[in-house]
Amino acid sequence: MIQYAAILLFVLGLYGIFISTNTIKMLVSLNILEIGLNIFIISIGFNYQGIAPILSSVSDTGLIYVDPLPQALVLTAIVIGVGTTALGLAFAKSIYQKYQSFDLNDMEESL
Amino acid sequence: MANIEYLLLFLVGSAVISYFLTRLNSFIGSIFTIFATMFVFVSLAAYGFNMNLDTTVSLLPWFSFSQTYLGFFFVIIIAFIYLMVSFFHPYFLDKYPYKNSYNLLFLLSLAGIIGAFYTDHFLQLFFFFEMIIWTTMFLIPQGKSREAAVSYFGFSLTGSVALLIGIFVIYQNVGRFDIQAGLAGISGTTSVFVFVLFMIAALAKLGTFPLHIWLPLAHGNAPHPFSPVLSGALVKLGAFIGILALIKINPIGPVIGAIDLALGQYIIAFIGSLSIVFGTLMAIKEDDAKKLLAYSSMSHGGYILVAFSALNGFAFAGGLYHILAHALASAGAFMAIAAVARATGTTKMKELGGMIHKMPITYLAYLIAIISMAGIPPMGGFISKWLIFQAVIDRGMILIAVAVFFGSVGSFLYVFRPLAALFLGQEFREYKHVKEAPLLMLIPTFIIMGLNIYTGVIPKQIIDFINNIIGENTAFAPVVATTFTVTATYGTLNAGLIALIFGVGVAIAFIIFILMKKSRKVELMDTYTAANFVHDEHLLHYSVDFYAPLERMYEKQSHWMKKFYDALAHKVKEVGKLAKYLFMSNNIGVTLIWILVIIVLLIGVVAL
Amino acid sequence: MIVNILVGIGIALFGFALQTSIGGINRKIVGRLQKRHGPRWYQEFIDIFKLLSKRGISHGWIYDFGVIMALGGIIATAMFMPLTVDIVAFKQFDNFFIFVYLLAVGMLGMAMSASGSGNPWASIGVMRALTTMLAYEVPFLIVALTIINVSDSSSLTAIQAFQQTAGNNWFIIALPLGGLVGVLSLMGMLGKKPFETYIAPAEIASGPMVEYGGKQLGMLFILHEISVFIEVSLFVHLFLGGASNIFIFLIKYFTVYTVVNLISNVNGRFKIDQVVKFFYKWPLLLAIIQAFIAIYLGWVI
Amino acid sequence: MSAVLLIAIPLLAAFISILFKKYSIYLLFAVTIFNIANVFLATEGIIIIGGFSPPLGISLLVDTYSKIALLLVNALVLVIAALNVKAYPKYGTILLLVVAGLNGLVLTNDLFNFFVFLEISGIAAYLITASNKKPITTFRYLVIGAIGSSLFLLGLIILYSMFGTLNMVDMIKEIALNNNYQELVLPFTLMFIGLGVEAKLLPFNSWVKGILGHSNTFSGPMIASVYASAMGFVLGRFITNLFNFEGMLLTVVLVILVAGIVLSDIMAFASKKSREILLFSSVAQASMIALLFVNGIIIWAVYLIIANALSKTVMFMIINKAQKDVGSDEVKSLQGLFANNLVIGIIFTIATLSVMGLPLLVGFTIKLNFLTELADAGQIWTIAFILIASVVEGIYFVKLLLKLWYPEGNLIKVNYHLSFKLVFAIIALALLTFGVYQAPLDKLDNTVDTVMEVVNNG
């Protein structure tokens, strides 16, 4: 179920990028897309009965762990996403400095 | 040095040397080029006629060579034209923007030609073809026009590409790149396919309809000493490919009963005859002497195609003879025009007149060349055309005969135009200072004059060599020839006798002339002008729109093909713009759509 | 060989004399038709010899050289022409194409000389002559193709012999459409009205001839007579079964020339583009139809 | 020396270089030279990091294929940086990041790790293109690139959920065991598109026009040769080892790639700007390279990547320098560029002829060889389309060349530094030498990519 929500977010993000001409809004949409993707990754390893994958002294027979790998991946993916967003915002700022606008349509001619 | 490999390396080496020598001094570089070309020609001539060239390779292990009569026939003609033309270099090179590279590329392209005709491997054939194309492509823009080079390159490349696709089709079916085995190994639909591809290559290189647009552009705008090479030598590559397709592949298809000829060959003959007609009509109309000769090359390309399509011994021999005769004739004519252009700086007929009084030898060279080109005895062109006529009549190819005869008579019209406009008529005052071409340029002029007559009077040696080619490549009966005569289906042609009788006739006329009272010499301006005094010789020189009444009849139609190719280029550009609009949008959304479309397409296709 | 050449020269000379006389006679006939007396039959000889003896002008060496080349070419062509099946200078070598193309050498020489004179009328005349040639040659050559294909030889004597063989008709009967085309082409070749556009005396001052006088013009007259001889003989040999002896030849020759001359005298003059259009319309079509019928269907009467 | 250093050293140097901004570019030189030496010394095989035995943990794979890629990437970065040391001295840190990212991309055997390197190199690429001073195009590149890598990640996660491993070698084994290609179509498509965005394959590459169309002597060759070749190698590895396109997917991919070649060449034909012509030709070459990999012609694809990288470096640098000095990249305003720069002209001509695949140059050898292999594979229609595209390509390149050689009106003045000429001349000589003497090229064979051997032999 949660995977559908993730895909929905992903598609929403794509849609946002598709319709917006504003740089900031595009970056927001990109972030929504990435969040969707991250949730999707998490959902891959998620298990209702599962517990945190922490090694303990208790015998682990019969216990179901949540897959720890996607969680690790998501951490990395989030960091990368933040980096990309930061860079994108920096570019948006320099676009604004150059053209006094965030709207790409405003500077279509100046390309 | 009778080894092909050494010859090639020698040419490449001397190409590099000539670059630096020309850089030093263009005259020295050109003289070096003459000697390098001469060396190669002499080596080929000394060993090649009897197939005594050494074909082993030691230094270029990835090449392999073999010698054939057919290849040698082409190689010796082309090498000869190269040699003749190289004599012009010392007097032309200084005018060109990149003169250093001129000799380099010239010698490299000769290396390409020798390789192309001696290789026995398809991919190497392609290698040499492409090498010829790009080396010559850089020579052409040194003349007048860059577009000419682009057009030349585009059409040649189209031809090469068709050739290469054909080669790969053969390879797929036969599994090897060996030329002889490859051509022999295909059959059925494959051979038809390869035939079509090879013919596209042949038509493009030969500059025949409908792939002829480059011909007048390239010939007309190339550097003056290079036009003879283009017309006399390079277009013959197309004839070579044509022979491979028409004679060697010769696909089995439906046969036209009435003339007992395969449909494929008939279509090619028909294209050839269209080429004859269009070339003739366009040549009649043309004002630039070099472009006029270029259109004549187109029409002669048509003759060559008709000859090879007719599929019999005379026709084949006639086609080969025509290649030789036209190479000599068109080289002679172009070289004469080049000499005039050097002296006057133009090849436009409306700007020239009366050059005969300053350049009589050049005039004579042109006269003899065009006599051969128009197929009038006693020059080589007559024998070849006669053989082709025999074949056409023998097959009863009536529609093609119309074109063949039309082109033959039409050639009188167009070859006469430069004669009248450039050389004859009023002598223009702006060319009073002009002198005859220098001695070095007259040497090849005389040699070609002599050969034009030789090919028209003593066909024996040439026919004998052609018989070797016939025996090597076909099952046709050889052509019977004695020293002076050639025999074909409908009788014997005694070329020597014709020349002799012509001599007798001229002698009689000369006697009549000399016996009578000597004429009073008057100025050219002193003519019958209904008692009006015309002060300007330009006004008395009838050369602009010479055949105006005739030209008017097809004025509108004459641009069709050019328009077609312009439209084609335009359409390709439009597609490009559309593609840019579709794929290279500034809107990210468009890319997103494409990504989605591809995903949906793939998933959809696979799910189905 | 010497003998053959002498025979050839004899034929050329005979042709010249024959055509000059017949030309004179025709002038007389036409004169009578127009209710004039007309000149004497040998008037043309007188004209030629008078011209040859006069002192003319020269416009430079090509002007003279062209005339020599032209006359030489025409004489050479005439030397190949058979008179009858037997009277021929070079047996086997009287190939049809020689006449078409060797004649062209003469024409080329004349054109050269005329253009070399520097008179624009001459150039215009040459232009018209060449254009006319382009018009009439192609239908004629197609008919010739048919004849060569049917008779299986391109030697004029062989073609004559073929027609004289029992069971074969003259080609003008065997190939009626071709015969018609032949007559039209012959008129074009001879430059008779309505195809005399390239001479057009009142329009372009006799075209190529405009600058000539004296011996050059005399030589061109000779050239003209011989070339008419060649063209008419060609017609006789191709279409009228040739001749088995000299008298038949003379009769046929005279008839052809006179008939053509008479036809031409009731015609006006075409413009040059009309000439081209004319020949590329009906004669070419008829020639092609004739060739189809004769070669592909084998219908030869 | 360990191959890990190829990634670790540049990454470390990148951090250090922030402290010594002035010397960052020299640090880069040292690192790349070290890397080049390291490539020669590195032992082939799987390098395990952190002591996890595969398939757990991250591992690197060093084979001849990746060595060629590493050598090319590091050498090109070194050359391009050295040639731009005066004009763009501040990019040392970013270039160190580029080196780390691209080396990682080529070496890594772990799919998620691959994604990380993809992003690192991607961010470095965005920063490089910032030197174009066209922030809008860079922004677009960033967005499209982010979408592309997201798609790649999505595909990769789907694969992970199916097979439970991220190790490429292990994944290949699992896929072989599973033997159901149908369900792999979705992840493969997503990954292919994700890579296609970076590798400039046709419908996914709208960023190229903005980026390369406004590139300079630094960003042009970086994106068009360094990134293009690294992505080419990576794409090759994925296509030949992991994707192994089959059935309908193969057909569709082939159609996309062939259409990419033809349309790109036609787009170049329709262009009037010199940089656009070059960039569209690059796009066509990228599709060509992918096409060769799809057909399993690895070795000639590798050579094509190398030849293309070398030629495009030269071409972009020459044109971009001229654009900088003249102020326009319209072919019209660059007419006669070579009239005063003979050497540069000859080099540019050689590079162009090589790209066009004309004889005596290495492009011809490569072209004929891969066409022969395509013919062996029965792909006669592909050959036909490639060759038809090559006619269009030939025409626009010749047009460009002739315009650049022959001045119209007044001469334009562009000065090329001696170091430019020297480096270019060496490249041109290499193109010429291997075009004439192809024996060494025949030495490598298709087994250059050893992933499958590792898969089979453990």
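Predicted model: local features only at pLDDT ≥ 70, side-chain atom pairs only at ≥ 80, totals over all residues.
**Entry 1: chain B, overall**

I began with the secondary structure of chain B. I counted 24 helices and six strands there. Next I checked the radius of gyration, which is 26 Å for chain B. The globule rule gives 25 Å for 608 residues, so chain B is as compact as a globular protein of that length. I then took the extent of the C-alpha trace along the principal axes. For chain B the spans are about 100 × 60 × 55 Å. I also looked up burial: 61% of the 608 residues of chain B count as buried.

**Entry 2: chain B, domains**

I looked up the domain assignment for chain B. Domain 1 covers 1–142, and domain 2 covers 556–607.

**Entry 3: where chain B touches chain C**

How many residues does each chain bring to the contact between B and C? I found 60 from chain B and 72 from chain C. I then listed the elements of chain B that give two or more residues to this side. The helices are H17 (380–395), H18 (398–423), H21 (495–515) and H22 (548–553) of chain B. The strands are S5 (491–494) and S6 (520–521) of chain B. I sorted the residues on the chain B side by class. That side has 44 nonpolar, 12 polar and four charged residues.

**Entry 4: chain C, overall**

I moved on to chain C, which has 12 helices and one strand. For size, I compared chain C with a compact globule. With 301 residues such a globule would have a radius of gyration near 19 Å, and chain C agrees because its value is 19 Å. The C-alpha trace of chain C spans about 55 × 45 × 40 Å along its principal axes. Buried residues come to 63% of the 301 in chain C. Of the contacts in chain C with a separation of 6 or more, 79% are between residues 24 or more positions apart.

**Entry 5: a helix pair in chain C**

I picked out helix H8 (residues 176–190) and helix H12 (residues 272–296) of chain C. Their axes come within 8 Å and cross at roughly 145°. The crossing of H8(C) and H12(C) is left-handed. Which residues meet there? From H8(C) I noted Leu177(C), Gly178(C), Leu180(C), Val181(C), Leu184(C), Ser185(C) and Gly188(C). From H12(C) I noted Phe279(C), Pro283(C), Leu286(C), Ala287(C), Ile289(C) and Gln290(C). By class, the residues of this contact are nine nonpolar, four polar and no charged.

**Entry 6: chain D, overall**

I finished with chain D. Its secondary structure comes to 18 helices and two strands. A compact globule of 458 residues would have a radius of gyration near 23 Å; chain D has 21 Å, which agrees. The C-alpha atoms of chain D fill a box of roughly 70 × 55 × 45 Å along the principal axes. I found 66% of the 458 residues in chain D to be buried. Among contacts in chain D between residues at least 6 apart, 80% join residues at least 24 apart.

How values were computed
Residues numbered from 1 in each chain as written. Chains lettered and ligands numbered in written order. Domains from an automatic or database assignment. Axes fitted to C-alpha atoms, helices over the stretch in contact; angles between N-to-C directions. Helix = DSSP H or I, 4+ residues; strand = E, 2+ residues; numbered from the N terminus. Left-handed = near helix turned anticlockwise from the far one by under 90°. Contact = placed C-beta atoms within 7 Å. Nonpolar A, V, L, I, M, F, W, Y, C, P; charged D, E, K, R; others polar. Rg over C-alpha atoms; globule rule 2.2 N^0.38 Å. Buried ≥ 20, exposed ≤ 12 C-beta atoms within 10 Å, placed from the backbone.
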